[in-house]
Amino acid sequence: MINASQSHSLKEMFVFRCSSSFLARSRGLARRLGSCDFLCLHHSSLHHSKKHFHRAMAEEKQPIGGLHFVGRKDELTEAKRSCRTLAGRDVLIIFHQGGFYAIDSYCYHTGGELQSGDIEEIGGKLCIICPNHKFKISLVGGEGLCKAGAPREEPRPPHAPRWYSKGVKQRVHVVTETAGGDIYVRLSEEARWMESDFYQGEKGEEERAKAAAAEEEKKKKKEKKK
Ligand code: FES
């Protein structure tokens, strides 16, 4: 069953996928792949296709929920960003402008550490910006946000590019506070696979290391070209 916010998110995703920049990217990917049976319609890249391929295999690693004590309010408020491993899952707890948020520690894109990401309001949503490639992730819903041109079917002249939701990509968790100032995180019980799941656990650690090595390689190549 799809609730109202999910339905809104799906509609947003559909509009985003009709945008001229998304269609152009998809065409580019199709050219690079040549003939293929499956074109990943998420943020188009071979890496994302690989993540979806691993989706079924990761199903059994979904969070099991449960309430976890993560610290005292004053301690977490002062730290602003705190990392905790809860039931084998690495979670980042953020204190920002009077509110607490809990989100998977590694970015859904290629596993960048979100801990040092800036926080900004983007498209009306409070987002953390991944330090690696500047992907924007909403702290409340875990949506990936992307700026794109107006969808083709919208009346011309085209509107200025705006922020679209790419759907929920990052797993977020619920933070609760007791009257005595203890802070707890309830791990997400959302059963469906999310892209940030790919970078959790032992397998996720390997994938993060691979992504970091590939990034390093890219940097070296760039340096050589200069
Ligand atoms: S790893 Fe976060 S934007 Fe690429």
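Reply: Leaving out residues up to four places away in sequence, valine 185 touches His68, Val70, Leu86, Val91, Ile93, Ala102, His173, Val174 and Val175, where contact means that the C-beta atoms of two residues, placed from the backbone, lie within 7 Å. Residues are numbered from 1 along each chain as its sequence is written. The model is a predicted one, in which local features need pLDDT of at least 70 and side-chain atom pairs count only at pLDDT 80 or more, while totals for chains, interfaces and linings use all residues.

Valine 185 counts as buried because it has 23 C-beta neighbours inside 10 Å; the definition asks for 20 or more other C-beta atoms within 10 Å of a residue's own, with 12 or fewer making a residue exposed, anything in between partly exposed, and the C-beta atoms placed from the backbone. Across the protein chain, buried residues make up 30% of the 226 residues.

Valine 185 belongs to strand S11, strands being DSSP runs of E with at least two residues and helices runs of H or I with at least four, both numbered from the N terminus. S11 is part of an open sheet of six strands, ordered S1-S11-S10-S4-S3-S2 with antiparallel pairing, and two strands are taken to pair if DSSP finds at least two bridges between them. Strand S1 (67-72) and strand S2 (81-86) stand at the edges with a single partner strand each, so one side of each has no neighbour in the sheet. From one strand to the next the twist averages 30°, an angle between N-to-C directions that runs from 0 to 180 degrees, with axes fitted as lines to C-alpha atoms (for helices, over the stretch in contact). Glycine 71 is 114 residues from valine 185 in sequence, yet their C-alpha atoms are 9.7 Å apart in space. In the protein chain, 53% of the contacts with a separation of 6 or more are between residues 24 or more positions apart.

Within this sheet, S3 and S4 pair in the antiparallel sense over six bridges, and isoleucine 94 stands opposite tyrosine 101 in S4. Alanine 102, one of the residues that valine 185 touches, is itself in contact with Val91, Ile93, Val172, His173, Val175 and Val185, again leaving aside neighbours within four places in sequence.

In soluble globular proteins, nonpolar side chains tend to be buried together.

S6 lies in another open sheet, whose five strands follow the order S5-S6-S7-S8-S9 with antiparallel pairing. Its edge strands are strand S5 (118-122) and S9, each of which pairs on one side only, and the twist there averages 40° from one strand to the next.

As a contrast with the buried valine 185, helix H6 (residues 201-225) is hardly covered, with two buried residues among its 25.
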